[in-house]
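Good morning, and thank you for making time on the agenda.

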Amino acid sequence: MQAEPSSAVTPETPVSPNPGNVIRSEGAITVENGVVTYGAPKLTEDVEKQIYKTLSYYHNLASEIEANVPGGNRGSQQTRQDYELSKKSFMVRYQLSDADIGAILRKGDEQGWDSGRP
């Protein structure tokens, strides 16, 4: 059997998706509870609590390491880096500023949100 010349071989035509299932956006798209929204995810009180718990956990852990572990400087440095990474992640995802994060942390302190492990 002889192979056909490449010009005779037609590539498989791609299957185009159902136009009803295609979402096009220049900005962020978020799917929450099966609902598609455009832009950054909404900053609800539950989200604020999660931000507070996560950042407080890293802050408290670093403080405890510094207070109770002789030579625990590397551990506290790593935990503080984790704090900064989490903070920046929240800032990007929810389009927050440093002031917004500070306000969430103050609100959590004032309202006594649990600062246990996230």
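This is a predicted model: local features need pLDDT of at least 70, side-chain atom pairs count only at pLDDT 80 or more; totals for chains, interfaces and linings use all residues.

Residues are numbered from 1 along each chain as its sequence is written, and side-chain values use heavy atoms, with hydrogens and water left out.

First, the overall layout. The chain contains three helices and two strands; here helices (H or I, at least four residues) and strands (E, at least two) are DSSP runs, numbered from the N terminus. Along the sequence the order is β-β-α-α-α. Of the 118 residues in the chain, 25% are buried. In this talk buried means under 20% relative accessible area, exposed means over 50%, and partly exposed lies in between, with a 1.4 Å probe and protein chains only. Taking contacts between residues at least 6 apart in sequence, 54% join residues at least 24 apart, where contact means heavy atoms within 4.5 Å.

Let us now consider α2. This helix covers residues 73-94, 22 residues in total, and its first and last C-alpha atoms are 31 Å apart, close to the 32 Å expected at 1.5 Å a residue. The expected span is 1.5 Å times one less than the number of residues. Which residues of α2 are buried? They are Ser76, Thr79, Tyr83, Ser86, Lys87, Phe90, Met91 and Tyr94. These residues lie on the same side of α2, because they cover an arc of only 135° around the axis; the arc is that of the directions from the helix axis to the C-beta atoms. As a general point, an α-helix has 3.6 residues a turn, so residues three or four places apart point the same way. The other side of α2 carries the exposed residues Arg74, Leu85, Lys88 and Val92. The cover over the buried residues of α2 includes α1 (45-68) and α3 (98-111).

Ser76 counts as buried because its relative accessibility is 1%. Beyond its neighbours within four places in sequence, Ser76 contacts Ala62, Ile65 and Glu66. Ser76 and Tyr58 are 18 residues apart in sequence, with their C-alpha atoms 9.2 Å apart. Is Lys87, the second residue, buried or exposed? At 14% relative accessibility, Lys87 counts as buried. Not counting residues up to four places away in sequence, Lys87 touches Leu55, Asp98 and Ile101.

That brings us to α1. Its 24 residues should span 34 Å at 1.5 Å a residue, and the end C-alpha atoms are 33 Å apart, which agrees. The buried residues of α1, among them Ile51, Tyr52, Leu55 and Ile65, pack against α2 and α3. Leu55 has a relative accessibility of 0% and so counts as buried. Leaving aside neighbours within four places in sequence, Leu55 is in contact with Tyr83, Ser86, Lys87, Phe90, Ile101 and Leu105. Between the C-alpha atoms of Leu55 and Phe90 there are 9.9 Å, although these residues are 35 apart along the chain.

Next, the packing of the helices. Two packed helices are described by the angle between their axes and the distance between the axes. Axes are lines fitted to C-alpha atoms, for helices over the stretch in contact, and angles run from 0 to 180 degrees between N-to-C directions. For α1 and α3, the angle is about 90° and the axes are 9 Å apart. That makes α1 roughly perpendicular to α3; angles under 35 degrees count as roughly parallel, over 145 as roughly antiparallel, 65 to 115 as roughly perpendicular and the rest as oblique.

For α2 and α3, the angle is about 110° and the axes are 10 Å apart. These two helices are therefore also roughly perpendicular to each other. Here Tyr83, Lys87, Phe90 and Met91 of α2 meet Asp98, Ile101 and Leu105 of α3.

Finally, a word on the loop between α2 and α3, where Gln95 lies. Gln95 has a phi near 50°, a positive value in a residue other than glycine. At 60% relative accessibility, Gln95 counts as exposed.
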